[in-house]
Amino acid sequence: MRNTILKKIFITAIIVIFGLPPSLSLARNVDGTLSLIKLPNEGVPVVVAKGQDFKVLTENKGELFLVDGDGKKFPLQPLWKSLSSGKWEAKVWLSEAYPPGAYSIQLIGDNGEVDTNFRSVWIFEGFYEYYTFAHISDVHIISMDSSNDNTATFEKVINRVNSSDAQFVLITGDITHNGSIEEMKAFLKLLNKFVKPTFVCAGNHDRSSNNYELFFYTSTYAFRFSKDGYIVFDSREYRVADPWDEQDNVVYRYRRELKPSRWVFGVTHRYEYTMGMRLQLALFVDDPVDYLLYGHIHRENTKEESVLPWGKTTVFVVPACKDGYFRVYDVGEGGVFPRELTSVK
Amino acid sequence: MSVLPIVIVSFVVLKVFVGLPDGDIACLSGEDVDTFRVTIIHLGEGKEEKIEEGTHHGNPVWSPDGSKIAFSLKMGSGGLQIGVYDVVSKSLQVLNSSYSWNDEPTWSPDGKYLAYISCEKGLVDQKLMVHNFEDGKEENWGGEKLPSVMKPMWFPRLDVLNAMSATVTQVTYAEGFNLEKFFEEGYSLGVLVGVAVIRTASSKLSTELVLISRTQTTTLPKELMAESLRFEEYAPQVSPKGSSMAFESNEGGDREIYYLGRRGISNITNHTSADWNPVWAPNGEWLAFESFRSGRRGIYRVYPETARVFPMVVSADFDAWSPTWAPDSKWICFVSNKAGKPQLYIKSIGSGNEIIQITEGAKHLSPQWRPKIK
């Protein structure tokens, strides 16, 4: 801990002297892993309109701020709650004072330690019934070096998505090729080139140790956008969505909370027949989600694969980003309409 | 064998002074699916014993005499196999199997057979295989009428056959079902209940409860389960006496526990939140189950004959799941994330809200209390 603080003090001094860009300032740990703030982060952001509330999960209590792109800080007045896990949860109400845009979330802990997660809070003026989003999968980052094919292709995809009308981005796993800390760090740096909210989950290539959690904390979460609900869940393991661990607890609750939504989406890395039955019952049988978005197979789904075998959930699979593909979807009252695949190659 | 951490040591001290339960609990411990290993918690000695062979352990289940644990595991680069661990000799036997994915082992009442599901793809091609420990051979049960099956469980006694023979003229079985052959095989080898996965006329999957003998399979008689293709049944649990059964179904709009007893089928957990995973107490009086009726996943018990429900472990701050009963039916062990990472806890049935943590460190999941050693 002392070394980390010293490193951050050193980096702060560098910034004061040389004015380095904000992307290097007091964010996360030196190796890129999450520090004081666990959620929201660059892969699990908050998307919210003025007047709404959101939650922040942290290691310690402290002073919370939103920081805009110019470095202007907006203090927040959170309601802190101690969790039985030892972590802290801050509930934050957004007043009308915050202009729409992308914000970093910053915590100055009671011990003076500072932590910032960039691109983690996105304030929208409001939400419309019609909107669009982009779906990317299977990035397979090996290094930050742009001479690497997968990195260069991902950068092209980022540029195309940034210039598209998509309002947010889903990245459904295999963000790295081997799941190493170095690869995760390289992916995070590339992720921060997006100018839209990015919702990420892990794939089977990202399952090395708990490296994914060190960078993005969780692969199981839910969010709302417009009238719709999105349930992101973890299917990375060899036993896909095993029935013993905690995921079924939250997936059922998310499904229930999002029941009043216009459309509900399942978002994950893969669907397999061997997927845990408890999760299948909750998401595809008892109260089927309307759509399931995934990747993994590096191709589009066939006609036979376009509906889950339980019969009600429509499936959209996007081919691999490393092969240059992504897709934009239009969402409205009539349903979800995938556009033609976009290829950057 | 390694000495358990402070939590278990404290538990042993408590046990001496407060009269906490004795016994052994098998579970999965590890940080993720890759590292899960079947681990035996010896409550009396304050020690734990981890089975190190293989990887990706899952679904541990004790033999009826408490001498062995069957579970699924991965050996090398292949699929999942079934392992049988002898807790006395501390040796592991890995069963030979015809298919690459084998899981959900279940012991016959006399411990001579082990049934499990076996497949290449999962869900739509799962066969019921039975390993005979006397000749060491594996055999496909259920005949050609069994399309795909999951969650098999042996009937501990054959009262169900007696009940069926008493009502033989009043019920309708599946087409092609040979009742005489079913009785013959049932009385000599045993009968299982399982969840068949059926492709309906509209190509959609549905589930049906089925009774299975060596060569015969039938859905439950239509007089009991009319229109069952409209609903998805799951997790059948035969009572310890073999005369009744609990199972889940989404009939009625959400998942509920149903009880099939002398007076037919009834919904015994009726609530707008999901109720699932019924587990019989060894004395056959109570069913533990999980429910989200208080918001988070909690554990309740129900007296099936009256459908009266009592909360056992319920909190707004944490989840509790995977209950398993002590052999005397006076305690349950379960998993909770109360302290963050999922750990095992125990609770007395008769006491208030006190729960006692018995593991710490890596995740501990899927507990199975060792049956009374005969």
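This is a predicted model: local features need pLDDT of at least 70, side-chain atom pairs count only at pLDDT 80 or more; totals for chains, interfaces and linings use all residues.
**View 1. The interface between chain A and chain B.**
The two chains bury about 3,500 Å² between them, and 54% of that area lies on carbon and sulfur atoms. Three residues of chain A, namely A:Y238, A:R239 and A:W244, supply 22% of the area that chain A buries against chain B, more than any other three residues. In terms of contacts, 30 residues of chain A meet 54 residues of chain B.

Between chain A and chain B the count of salt bridges is six. One salt bridge joins the side chains of A:R278 and B:E248, with an N to O distance of 2.7 Å. On the side of chain A that touches chain B, the elements giving two or more residues are α5 (247–257) and α6 (277–285) of chain A. The residues of this side divide into 13 charged, 10 nonpolar and seven polar.

**View 2. The open sheet β25-β26-β27-β28 of chain B.**
Four strands of chain B make up this open sheet, in the order β25-β26-β27-β28, and their pairing is antiparallel. At the edges are β25 (320–325) and β28 (356–357) of chain B, each of which pairs on one side only. Within the sheet, β26 (residues 331–336) and β27 (residues 343–348) of chain B form an antiparallel pair over six bridges. B:S336 has B:Q343 of β27(B) as its bridge partner.

Strand β9 (residues 101–107) of chain B is largely enclosed by the rest of the structure, because seven of its seven residues are buried. Strand β9(B) pairs with strand β10 (residues 113–119) of chain B in the antiparallel sense, over five bridges. Here B:L114 in β10(B) is the bridge partner of B:W107. Five residues stand between the two strands of the hairpin, in which B:G111 takes a positive phi near 75°.

Which residues of helix α3 (residues 181–191) of chain A are buried? They are A:E183, A:M184, A:A186, A:F187, A:L188, A:L190 and A:L191.

**View 3. B:T306 in a loop of chain B.**
B:T306 is found in the loop between β23 (296–303) and β24 (308–313) of chain B. Its relative accessibility is 53%, so B:T306 counts as exposed. The C-alpha atoms of B:T306 and B:I268 are separated by 7.8 Å, although the two residues are 38 residues apart along the chain.

**View 4. Salt bridges within chain A.**
Over all chains, the structure holds 34 salt bridges. One of them joins the side chains of A:D287 and A:K259, at 2.8 Å from N to O. A:D287 lies in the loop between α6 and β16 (291–294) of chain A, and A:K259 in the loop between α5 and β15 (264–267) of chain A, so this pair ties together parts that are 28 residues apart in sequence. The side chains of A:R299 and A:E305 also meet in a salt bridge, with an N to O distance of 2.9 Å. A:R299 is partly exposed, at a relative accessible area of 35%. A:E305 is likewise partly exposed, at 26%. A network of salt bridges links A:E129, A:K227, A:D228, A:R262 and A:E333.

**View 5. The salt bridge of B:R214 and B:E139.**
In chain B, the side chains of B:R214 and B:E139 meet in a salt bridge of 2.8 Å, N to O. B:R214 is in the loop between β15 (205–212) and β16 (217–219) of chain B, and B:E139 is in strand β12 (residues 137–141) of chain B, so the pair ties together parts that are 75 residues apart in sequence. B:R214 counts as partly exposed, with a relative accessibility of 32%. The value for B:E139 is 30%, and this residue also counts as partly exposed.

Conventions:
Residues are numbered from 1 along each chain as its sequence is written. Chains are lettered from A and ligands numbered from 1 in the order in which they are written. Side-chain values use heavy atoms; hydrogens and water are left out. Two strands pair if DSSP finds at least two bridges between them. Contact means heavy atoms within 4.5 Å. Buried area is the accessible area (1.4 Å probe) that two parts lose on being put together, summed over both. A salt bridge is a side-chain nitrogen of Lys or Arg within 4 Å of a carboxyl oxygen of Asp or Glu. Ala, Val, Leu, Ile, Met, Phe, Trp, Tyr, Cys and Pro count as nonpolar, Asp, Glu, Lys and Arg as charged, and the others, Gly among them, as polar. Buried means under 20% relative accessible area, exposed over 50%, partly exposed in between (1.4 Å probe, protein chains only).
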